[in-house]
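Thanks for coming, everyone. Please take a look at the structure on the screen.

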Amino acid sequence: MSEMVSNMELNCEGLNCPLPILKTKKAIDSLNSGDILKMTATDPGSVNDMASWAKRTGHEVVAHTEEGSVHTFFIKKK
Amino acid sequence: MSDTKKLAIIASQGTLDWGYPPFILASTAAAMDMEAVIFFTFYGLPLLKKEIDAKVSPHSNPAMPMKMPFGNKDFKSINWQIPNVISGNMPGFDSMATMMMKETFKQKGVATIEQLRSMCQEFGVRFIACQMTMEVFGFEKEEFIDGVEYGGAATFLEYAADADISLFI
């Protein structure tokens, strides 16, 4: 997914629930509508949690990849 | 009418293990664009103190796994069966268990209660301290962090009446 352009990168590797969600929220708040946030996490629960978070907030997970234990999410701010 | 979802939590326990859920849920709710209020009453009140001194007591939690935060993987996975006669009577046992739990949480990348509490405040979660319990247990406002509101059952219920999720923890 290296071809995907992001406006900001957020490393949540090694962090556990609910920190990846909380840090993602803070990062998204600092961006403009339409911007892309790249977030990486190792918490296996973050896959379902990011989907639920996006569903409620209206921001969109445009891509999710998994490499080893690292999950990479590209989130588009609504 | 706004369609913002509302979460109402009563935090009634102040041990390390019971102290986490109110702050985890309220901060996450706020991160999901919900409104959240935590009403701190009885033993939940100390969670508002500037310095949180929450401990965990294995004696009161028979199902609590007792695992070491150090050593190799096999050693860490051993669940030590400690008889209640020891965990309930040995001086310092709770402090040791608390230290081990905190260390394990740290290793697993879990936030501290203080971190989650300050993120709650940053995200606009409202904290209400039960005025009656403060009188009964002799707590002063000066002992608590800034930004706390004070009220009673009616204050909480006025908000909770319109809440979509209400939890007693």
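Which residue in E4(A) is the bridge partner of A:His64? It is A:Phe73. Now the ground rules. This is a predicted model: local features need pLDDT of at least 70, side-chain atom pairs count only at pLDDT 80 or more, and totals for chains, interfaces and linings use all residues. Residues are numbered from 1 along each chain as its sequence is written, with chains lettered from A and ligands numbered from 1 in the order in which they are written.

Strands and helices here are DSSP runs: E, at least two residues, for strands; H or I, at least four, for helices; numbering starts at the N terminus. E3(A) and E4(A), residues 70-76, run antiparallel and share 7 bridges. Strands pair if DSSP finds at least two bridges between them.

Next, the whole sheet. It is open, with 4 strands of chain A in the order E1-E2-E4-E3, and the pairing is mixed. E1 (8-12) and E3 (60-67) of chain A stand at the edges with a single partner strand each, so one side of each has no neighbour in the sheet.

On to the two chains. The contact takes 11 residues from chain A and 11 from chain B. Contact means C-beta atoms, placed from the backbone, within 7 Å. On the chain A side, H1(A) gives the largest share, 4 residues.

H1(A) also meets H1(B), and their crossing is left-handed. That means the near helix is turned anticlockwise from the far one by less than a right angle; clockwise is right-handed. A:Ile21, A:Leu22 and A:Lys25 of H1(A) touch B:Ser27, B:Thr28 and B:Ala31 of H1(B).

Terms used. Two residues are in contact if their C-beta atoms, placed from the backbone, lie within 7 Å.
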